[in-house]
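Hello,

Here is the structure I promised to pass on to you. Have a look at it first, and then read my notes below.

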Amino acid sequence: MGTRNFTRCESALHSEIEALRWAMENMLQHSPCQSFGTDCKELIAMINEPQKWPRFATELEKIETLQICFPDFKITHVPRAGYTADTMSSIMTDLDLSLAQFSLFGSLMTFGGMIGAIFSAKAASALGNKMTLWLADLFCITGWVAIALAKDIVLLDLGRFFVGIGVGLISYVVPVYVAEITPKHIRGAFTFSNQLLQNCGVAIAYYFGNFLSWRSLALIGIIPFGIQVIGLFFIPESPRWLAKKGRDEEVEVVLQRLRGKGHDIMFEARAIKISVEVSKQNSNTSIRSLFRKRYAHQLTIGIGLMLLQQLCGMSGIGSYGSTLFELGGFPARIGMTVLSLIVVPKSLMGLILVDRWGRRPLLMCYFCLFLVIKYRFNGLNLQASAFGLCLSCITLAVAFGVKDVPEIQNITPVFTFIGILSFTMMFAFGMGALPWVIMSEIFPMDIKVLAGSLVTIANWFTGWIANYCFNFMLVWSPAGTFIISAIVCGVTIVFTWCLVPETQGLTLEEIQLSFAST
């Protein structure tokens, strides 16, 4: 079995090498830059020498890469994502807040995230990923301290806003950084690890929120950022960022460290330098140039997935889960405890499958389509996973819709629990992480800064609106709220089926070639 798998992988590698040779020869013909032409010739010569082709990463190299990646985002999102889920009533009581004031507090993190997103890509391009993450840690630590010490609404909101800025910076830098340092055959899993660790933070917030005060929970939020501050001293900078800054010797040193001492990295280093050189030739990119026809497909995918991610309902369920349990008549403490035990294993499943099934299958079918994928995946190439979210929203809409019907109102607590539990599981399994994974892969280097900022801003702005409005929508109609969410999930299925390509097993450079050929 292992020999057959290796033979298939080797065959795929030969096909990709031939595609790269074709691309290099075409770029050589059209490039006005003499040095760039020399680099192309050297790379073509390397392609013709099979003994210099990169071998597959050994298990030891995967472990080494894991050790380098993980300090960059160790539970970076601990309780920020689920902080308000358990603390709503206690904060409102202690600080005498109205529903509108607490809704503003809850949404300020996403508003701050939008502000951080505006500067995230520029900061990463100018300062590097490591320095940007240190800056983000400073904002987050300051914010959590302010929340823990807050005596009034002003300091509470300011702390929440600061945490949002920090997380807004992190949300762009982490997936892009991880995508740039990992080999293509495990890139999806490593980028998905960000979502896994976010869910570790959410689980901690859900579980300890049952027992700890909101001030103690805020102090716990400081811990992962302190760990990351230390961990950043032990990870390298992205080789693509180093190449962009002209630090070619460091590119090779970093790649050697990432891939292992016995690995020949010259081929990969040369490919990165050529890719960066191509992007430099198109470096005069303005915000207007993003909307050219050549980038329309990537931009539509990036912005579309981010909008659908925030509008599918997770902003409300993740932030006000305890309130929903109480509204449905289910014991909030039991519900939040069960959620804390579920979200991490479900994310772990997504991490394992993302590089085996691909991005498109995980984005569309969660449980009812599992059998179809298992037996007919290669033929049908099923692409998305919002189906499970759609069913969960319908379940919640039914639960709240029959709440006042005497004959069947007893099903409301059970349906509320099933709906929230299945929604959280389905979101953690695919839709939570994959938009960020895909965003980190689809944009070429010459527009990655601007496009990444625009997509991240779209995500945070939509999240801010959804988070702020959720409580008011529940007052209007809980059933209507989740009917709207179900419709959004249905749109996600169609959107992914029609527009989102599969990037599994492709290098970042090969992904750009695939977009150029469409």
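Let's begin on the surface. Helix 6 (residues 129–149) gives the largest share of a nonpolar patch, 3 residues. The patch is formed by Leu127, Met131, Leu135 and Leu138, which together have about 360 Å² of accessible area. Leu127 has its place in helix 5 (residues 99–127). Is Leu127 buried or exposed, or something in between? With a relative accessible area of 44%, Leu127 falls between the cut-offs of 20% and 50%, so Leu127 counts as partly exposed. Please keep in mind that this is a predicted model.

Now for the aromatic rings. A search of the whole structure turns up 15 aromatic pairs. In one of them, Phe325 and Phe330 sit 5.7 Å apart, centre to centre, with 40° between their planes, and the pair is tilted. Phe325 and Phe330 are both buried.

Phe325 also pairs with Phe417: the ring centres are 6.5 Å apart and the planes meet at 35°, so this pair is tilted. Which parts of the chain does the pair link? Phe325 belongs to helix 16 (residues 321–327) and Phe417 to helix 21 (residues 411–431), so the pair links distant parts of the chain, 92 residues apart. Phe417 is buried, as is Phe325.

Finally, there is an aromatic cluster to find, made up of Phe102, Phe105, Tyr320, Phe400, Phe470 and Phe482. While you are at Phe105, look for Arg160, which lies over the face of that ring at 5.2 Å from the ring centre.

Enjoy exploring!

Best wishes

Methods
Residues are numbered from 1 along each chain as its sequence is written. This is a predicted model: local features need pLDDT of at least 70, side-chain atom pairs count only at pLDDT 80 or more; totals for chains, interfaces and linings use all residues. Side-chain values use heavy atoms; hydrogens and water are left out. Rings of Phe, Tyr and Trp (its six-membered ring) pair if their centres lie within 6.5 Å; planes under 30 degrees apart count as stacked, over 60 as edge-to-face and the rest as tilted. Buried means under 20% relative accessible area, exposed over 50%, partly exposed in between (1.4 Å probe, protein chains only). Helices (H or I, at least four residues) and strands (E, at least two) are DSSP runs, numbered from the N terminus. A charge sits over a ring if NZ of Lys or CZ of Arg is within 6 Å of the ring centre and within 35 degrees of the ring normal. Patches are made of residues with over 30% relative accessible area and no salt bridge: like charges are joined within 9 Å, nonpolar side chains (Val, Leu, Ile, Met, Phe, Trp, Tyr) within 5 Å. Accessible areas come from the Shrake-Rupley method with a 1.4 Å probe; for residues, only the protein chains shown count as cover. A salt bridge is a side-chain nitrogen of Lys or Arg within 4 Å of a carboxyl oxygen of Asp or Glu.
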